[in-house]
Amino acid sequence: MNTSSDRPHPHGTADDALLELDQRLLQLLTERMEICRQRQLDNPGVVLPQIESLRELAEEVGPVSHVSPKRLMEWLMHGDNLCVHGTRPCQQIAFLGPIYSYSYLAAVKFFGLGADFVPVATISGAFAEVAGGHAGLGVVPIENSTDGRVVDTLGMFAKMPVEICGEVLLPIHHFLLGRCARTEIHEVHSKPQALSQCRRWLAEHLPEARLVEVSSTATAAATAATEPGVAAIASREAGVHHGLRVIEANVEDQKDNVTRFAIIGNRPSPPTGRDKTSLMFQLEHRPGALADAMVTFQMAEVNLTWIESFPLPNCPNEYLFFVELEGHRDTPAIAQVLEKLKQQTLRLELLGSYARGVVVS
Ligand SMILES: O=C(O)C(=O)C[C@]1(C(=O)O)C=C[C@@H](O)C=C1
């Protein structure tokens, strides 16, 4: 009797050819990753040239049929970011989850889908994973163009010793998602920052609905999928993941709404020639202390890109200043400024120097 295992496979040769091709591809990709890693080790501080050459190659190839080699090239380029920031293959990247939160979308834009992501329930959880060495890197929201600083993140920099080693800017378009009609919504769930970014729209279109603050937009989407009368403000992707209807698209008050995410890790990043430095300091409580610090930047002609003050927990009337400036701490000009600043401040924390981020599409 001829059993199924005896029978020659109808596509025998084709499968063999595919298998061989897959093995060669795997081998080539492994070789490529090894070369990237070696280049980075040999040339600390140099922007990996293959990122640029790959970009050019991707442009040349263009979209071909329905599977685009251009997308594949982009995927490889994201993989290069992993090499640049030096996670070992087994290291994970912590983000505020669950999946399809904006933090997840930013992480995927920066590192590509091939990275090993681990969701955590809070921003402080992402810091704890990195500081404790359980995750190699983390992705945390730091500033939004409509709503300003993300206070949970700035507070954690004061408490946990992590390095900022990169940044990514993600355009944020919020969706009102749910299973019910707009007239049946009695609660809108989302993260406080997202609710705040849609404040005007909500007041105008859903004045009766109760606004409920939850730990992330993706958590809100999960609730809207199971609770009748509950809608969420979240990403389109979160809605698709939970099978939700788009009740209204683009409900953000500012159409050019962008959130900046910091990539946090445990290792300093070398200069790239287009860097920023983040730092935090505490000043003496006396008239002119902040003005003196500002003069230090002015005299060195250092351009500040951001300054925030926030109250020190348990210290009434005491503030920490969070500053970002152009330049890398390993360059003599910035190193000098930091030295001077050390003498002018009660506490100075250098949070990291890293390549200036771009807005991803
Ligand atoms: O809740 C999420 O999806 C997040 O990733 C957090 C977060 C934030 O706190 O800023 C990130 C980007 C958006 O601005 C809204 C929410």
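This is a predicted model: local features need pLDDT of at least 70, side-chain atom pairs count only at pLDDT 80 or more; totals for chains, interfaces and linings use all residues.
## Overall make-up

The protein chain has 361 residues, and 35% of them are buried. Its secondary structure comes to 12 helices and 15 strands. Of the contacts with a separation of 6 or more, 73% link residues 24 or more positions apart.

## Domains

The chain divides into three parts, listed here by residue range. Domain 1 is built from two segments, 93-172 and 258-264. Domain 2 covers 175-248. Domain 3 covers 272-353.

## Contact between domain 1 and domain 3

Taken over C-alpha atoms, the centres of domain 1 and domain 3 are 23 Å apart. Each domain puts eight residues into the contact. On the domain 1 side, α6 (151-159) and β5 (163-171) each supply at least two residues. The top contributor there is α6, with four residues.

The make-up of this side can also be given by class. The face of domain 1 that touches domain 3 holds six nonpolar residues and two charged residues. It has no polar residues.

## The five-stranded sheet

Five strands form an open sheet. Their order is β8-β7-β9-β6-β10, and the pairing is mixed. The edges are β8 (210-213) and β10 (245-248), each of which pairs on one side only. From one strand to the next, the twist averages 35°.

One pairing can be followed at residue level. Strands β7 (residues 187-190) and β9 (residues 230-234) run parallel and are joined by three bridges. Glutamate 187 has valine 230 in β9 as its bridge partner.

## Helix α9 on the sheet

Helix α9 (residues 217-226) lies across β6 (175-178), β7 and β9. It runs at about 155° to β9. Why does α9 count as largely enclosed by the rest of the structure? Seven of its 10 residues are buried, so the helix is largely enclosed.

The buried set consists of Thr217, Ala218, Thr219, Ala220, Ala221, Ala222 and Ala224. These residues pack against strands β6, β7 and β9. They also pack against helices α4 (102-111), α7 (192-197) and α10 (236-241).

## Aspartate 275

Aspartate 275 sits in strand β12 (residues 275-282). Is aspartate 275 buried or exposed? It counts as buried because it has 21 C-beta neighbours inside 10 Å, and the cut-off for burial is 20 or more.

Which residues does aspartate 275 touch, leaving out those up to four places away in sequence? The contacts are Gly327, His328, Ser353, Tyr354, Ala355 and Arg356. Arginine 24 lies elsewhere: it is 251 residues from aspartate 275 along the chain. The C-alpha atoms of aspartate 275 and arginine 24 are separated by 38 Å.

Conventions:
Residues are numbered from 1 along each chain as its sequence is written. A residue is buried if 20 or more other C-beta atoms lie within 10 Å of its own, exposed if 12 or fewer, and partly exposed in between; C-beta atoms are placed from the backbone. Two residues are in contact if their C-beta atoms, placed from the backbone, lie within 7 Å. Domain bounds come from an automatic or database domain assignment. Ala, Val, Leu, Ile, Met, Phe, Trp, Tyr, Cys and Pro count as nonpolar, Asp, Glu, Lys and Arg as charged, and the others, Gly among them, as polar. Two strands pair if DSSP finds at least two bridges between them. Axes are lines fitted to C-alpha atoms, for helices over the stretch in contact, and angles run from 0 to 180 degrees between N-to-C directions.
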